[in-house]
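Subject: Structure for you to look at

Dear colleague,

Please find below the sequence and structure that I promised to pass on to you.

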Amino acid sequence: MNTLKLFFICNLLLIVSNTYGTVRTVYNGSGSQAQFSDVTAAIAASNNGDTLYLSPSSISYGNFLLTKSVSIIGKGSHSAVQIPIISLVGDISIGTNLSNITIVGVKALHIYFGNGNHHINVNRCNLLGYIRLSSNVNNCSISNCIFESANSINITQVSCGSTFYTNVNDMLIQNNIFNGYIESLTGTNYIQNNLFLNNTCAFSVDCNHSNYVMYAIIQNNIFYGDSPDSNTGNGTFLNNLSYEPGGAFLTLGGSNIDNTNPLFVNFTSNQSYFSYAYDFHLQPNSPARLAGNDGTDLGIYGGNNPISVLGEPLGVPVIRKMNVSNFNVSTNGNVNVNVTSTTSR
């Protein structure tokens, strides 16, 4: 058995001990030790409350539809281990009227919420595209995610010129990094401790309609080059910081900090996009330190759910390094393996 297979098996054993319900393992590579090689087949064999663990793979698991209330757990959306591979998928679609689903630790193209979804938690994922919300979506959360696309979170519409679905409420959007904007999120929702990058508007509308990001509580965020002051309807801004290196945004006033450098530990000025090379922790003299209305820092490392840019599932041990010291083993001999593991980061 080679080092790569051993690496997968050790990760599987570690995650099984930290998960509830029946755990079904999925791996689409050659010589699989997993129960399934296809996500759709694993979903079909599952019951509500089960968990599917997608082993890291150099091959995408492709698109799939969640037809049951199962949880999807990947290894992480960015690798910081000896074998640098992740859990990569295409489009994840959630079926109508499903609830109690967690999607964590994957790198995905898009995630589509279905009509009537409740208690859906998308956590520690990397989105190459966007998350699209449908009608009657309530009590869901999007947290600790990195959005690489300009259009990051939006509401479904039938076609340009049609009425948007507006019944989205109690959505918690926290501790995410946005390279783009949130579009037409109407309803009473909470947008907090996020970092908005890229030289555009943080909030947008489609087809120039008046379907703003309305009635949202927008608090403890950092807007760096991403204007917070348009398309927000009746949104309430509390304890946010905005900074435009090339000029000045309209002032938010009140408890907000206007046009002030947040002083990140490592970030290239005027390069308003995300990179894993940057460090968005705050310097000791940053005006955003302890400036939140909850007494914590503004931005992605404040609040009660600080971000992990690696996207590793919380509470699951991670194999960082594994070395086999004797490759030439006789029949029925022993393989000596040294494993280094840490908690998720």
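Helices (H or I, at least four residues) and strands (E, at least two) are DSSP runs, and they are numbered from the N terminus. This is a predicted model, in which local features need pLDDT of at least 70 and side-chain atom pairs count only at pLDDT 80 or more, while totals for chains, interfaces and linings use all residues. Residues are numbered from 1 along each chain as its sequence is written, and side-chain values use heavy atoms, with hydrogens and water left out.

In the protein chain there are two helices and 30 strands. Of its 345 residues, 53% are buried, where buried means under 20% relative accessible area, exposed means over 50%, and partly exposed lies in between (1.4 Å probe, protein chains only). If we take the contacts between residues at least 6 apart in sequence, 47% join residues at least 24 apart, a contact being heavy atoms within 4.5 Å.

Is Ser-37 buried or exposed? Ser-37 counts as exposed, because its relative accessibility is 51%. Leaving aside residues up to four places away in sequence, Ser-37 touches Val-26, Tyr-27 and Asn-28. Ser-37 and Val-26 are eleven residues apart in sequence, and their C-alpha atoms lie 5.3 Å apart in space.

Next come the strands, where two strands are said to pair if DSSP finds at least two bridges between them. Strands of a sheet pair through backbone hydrogen bonds, either parallel or antiparallel. An open sheet is formed by seven strands in the order β7-β10-β14-β18-β21-β24-β26, with parallel pairing; its edge strands, β7 (107–108) and β26 (241–243), each pair on one side only. Within this order, β10 (residues 126–127) and β14 (residues 146–147) run parallel and are joined by two bridges, and Asn-126 stands opposite Ile-146 in β14.

Other parallel pairs can be followed in the same way. Strand β3 (residues 64–66) is joined to β5 (residues 91–94) by three bridges, with Phe-64 having Ile-92 as its bridge partner, and three bridges also join β5 to β8 (residues 110–112), where Asp-91 stands opposite His-110. Strand β4 (residues 71–74) pairs with β6 (residues 99–104) over two bridges, and β6 pairs in turn with β9 (residues 118–123) over five bridges, with Ile-101 opposite Ile-120 in β9.

How many disulfides does a search of the whole structure find? The search finds zero disulfides, a disulfide being a pair of cysteine sulfur atoms within 2.5 Å. For Cys-145, the nearest cysteine sulfur is that of Cys-125, 4.8 Å away. Cys-145 is buried, with a relative accessible area of 0%, whereas Cys-201 is partly exposed at 26%.

Finally, there are two cavities of 30 Å³ or more. On a 1 Å grid over the protein atoms alone, a cavity is a set of points where a 1.4 Å probe fits but cannot get out, and its lining residues have an atom within 4 Å of a point. Grid points are joined across faces, edges and corners, and a volume is the space filled by probe spheres set on the points. The second largest cavity holds about 50 Å³, and its lining includes Leu-195, Phe-264 and Tyr-301.

Note on methods. 1 Å grid on protein atoms, 1.4 Å probe; cavity = no way out; pocket = protein on both sides within 12 Å on 5 of 7 lines; lining within 4 Å.
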